[in-house]
Amino acid sequence: MDYDVIVVGAGNAALCAALAAAETKKKILVLERAPEADSGGNSRYTAGLMRVAYSGVEDLKRAIPDLSAEEIARTDFGTYTEAQFFDDMGRVTEYRCDPDLTEVLVKNSLSTVEWMRQKGVRFTAAWGRQAFNIGGRFKFWGGLTVEAVGGGPGLVESLTSIARKSGIEVWYQARALDLLFDDDGIKGVRVKRNGKTIEVKSKAVVLAAGGFQADPEQRTRYLGPGWELAKVRGTRFNTGDGIRMGLAAGAAASGNWSGCHAVAWERNAPEFGDLTVGDQFQKHSYPWGIYINAEGKRFVDEGADFRNYTYAKYGRVILQQPGQFAWQIFDAKVKAQLRDEYKIKQVTKRVGNTLEELVSKLEDTNQAAALEEIRQYNTAVQTDIPFNPNVKDGRGTRNLKINKSNWANTLDTPPYEAYAVTCGITFSFGGLKINADAQVMSSDGAPIPGLYAAGELVGGIFWFNYPGGTGLTNGSVFGRIAGRNAARG
Ligand SMILES: Cc1cc2nc3c(=O)[nH]c(=O)nc-3n(C[C@H](O)[C@H](O)[C@H](O)COP(=O)(O)OP(=O)(O)OC[C@H]3O[C@@H](n4cnc5c(N)ncnc54)[C@H](O)[C@@H]3O)c2cc1C
């Protein structure tokens, strides 16, 4: 069994790599550890949101050619330039993101989504999650405008079916175990397929098997004590295999090994993601309310920035709270603004007609302290500044130990609601070192011949935090480059 290129994984990065490889070479094999129904890794769990740079609606039409005149008329798409994307990456990663890889990511974001569209993947504008309707006109507020039709499941199914039509072979329940290599480079993969271990030869291998977040032992080892207590938002199959295989073949480790993407996630969610619920266990409307921990205290600035720039780092903050949980508290004034994920039935929700009644229902919490904290918060809100969710409105609190910087509303209109959340980990940030051609670099400093990598298992791009919607774009951009270069040899 000889292939031109073997791709390890069948998520977004892997399938983009396989499709790009198939433009030059014929014999491409995709190895997927999961059964077909659970295939597609974390990519299947997403909303399909992809961050791309664009200078106006004409650019967006390269990704979404079927935008109608009526849709364009009722929407202010604004712009999200390459400079803004680059700045966002710098700012949220505290200027640690690899500048060369970040430049490749930003500059290829739109053209890569356009390439996916040309292959047959369909995109739309994310009116539901990323725009507010003000006076009959939608305005996009966070630089995140493009979404795959059908979300993550739609994206994975579309890429898989295009791969099949392109003659790419996909093996399910085929777990890559090790790379085959000698002094000249990579020669193939040892794989366990349906319980049998075999060796499959290839001229090149693309590793796209995700991070280590689904393995509690590696979480605790690399992210630190307490991380075994986090819930996993996505697939159970990303247990660091690709990273381990790369390191064993001499790859350099790179990036923020003690960092990860982690969010507010339903406190009683299962240990791993559930595809029937998808990403709806997340609870992302905290900028409109406040957080209270088990001691009855606020512990974070809920309005520090737009949600797209804070949500990925606040999971860690929740994990650090006593009991690893917190309550998000809202009043009736913002009820209509809560995202759809608050309406699912799998929520830990408490309701009260007075603040006293609400806090009396917050189990595991110092209720007297919580009531006092809410009262102090209410008196600190600068009510003379108007509330505006479309901009950082500066409507903050004054003189609190932890102020809220924007969107501070008093909690004064019943019924009051509280939602219990814990930390849900999305993906780990540390991984393999690659260059701008997606070649895996050895710890001696040279590319490992025949070895490429893309997606979650690459280190050096995300540190501490992450601008929402960049994970899929990252996988697509580097997946495409990896596949193309792997096929060209
Ligand atoms: C709930 C949720 C919502 C999200 N929403 C968004 C969003 O809207 N936009 C966005 O940009 N990002 C989002 N993300 C992040 C995004 O999912 C990831 O950044 C991206 O999907 C990673 O793609 P990938 O191809 O690198 O990994 P994955 O899609 O996870 O693919 C890894 C693949 O490798 C396979 N695999 C693992 N080990 C082996 C092995 N030994 N052999 C063979 N195969 C193996 C897995 O089964 C899987 O198919 C979200 C994540 C989650 C969990």
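Student: Which element gives the largest share of the shell around the ligand?

Tutor: Keep in mind that this is a predicted model. Several elements each supply at least two residues of that shell, among them α1 (12–21), β10 (174–182) and α15 (470–488). The largest share is 4 residues, and the element they come from is α2.

Student: How do the residues of that shell divide into nonpolar, polar and charged?

Tutor: There are 39 residues around the ligand, and Glu-32, Asn-42, Ser-43, Asn-238 and Asp-241 come nearest. Sorted by type, the shell has 7 charged residues, 15 nonpolar and 17 polar.

Student: How far is a polar side-chain atom of Asn-238 from an oxygen atom of the ligand?

Tutor: Let's look at the backbone first. A polar backbone atom of Gly-40 is 3.3 Å from a ligand oxygen, and one of Asn-42 is 2.7 Å from a ligand oxygen. For Asn-238 it's a polar side-chain atom that faces a ligand oxygen, at 2.7 Å.

Student: How much of the ligand's accessible area does the protein cover?

Tutor: Start with the ligand on its own, which has 1,000 Å² of accessible area. Of that, the protein covers 97%.

Student: How many disulfides does a search of the whole structure find?

Tutor: Two cysteine sulfurs need to be within 2.5 Å to count. Take Cys-423: its nearest cysteine sulfur, that of Cys-260, is 6.4 Å away, and Cys-423 is in no disulfide. Over the whole structure, the search finds 0.

Student: Is Cys-423 buried or exposed?

Tutor: The cut-off for buried is under 20% relative accessible area. Cys-16, at 0%, is buried. Cys-423 has 0% relative accessibility, so it counts as buried.

Methods
Residues are numbered from 1 along each chain as its sequence is written. This is a predicted model: local features need pLDDT of at least 70, side-chain atom pairs count only at pLDDT 80 or more; totals for chains, interfaces and linings use all residues. Side-chain values use heavy atoms; hydrogens and water are left out. Buried means under 20% relative accessible area, exposed over 50%, partly exposed in between (1.4 Å probe, protein chains only). A residue is near a molecule or strand if one of its heavy atoms lies within 4 Å of it. A polar contact is a pair of N or O atoms within 3.5 Å; within protein, one must be able to donate a hydrogen and the other to accept it, and residues adjacent in sequence count only if both atoms are side-chain atoms. Accessible areas come from the Shrake-Rupley method with a 1.4 Å probe; for residues, only the protein chains shown count as cover. Ala, Val, Leu, Ile, Met, Phe, Trp, Tyr, Cys and Pro count as nonpolar, Asp, Glu, Lys and Arg as charged, and the others, Gly among them, as polar.
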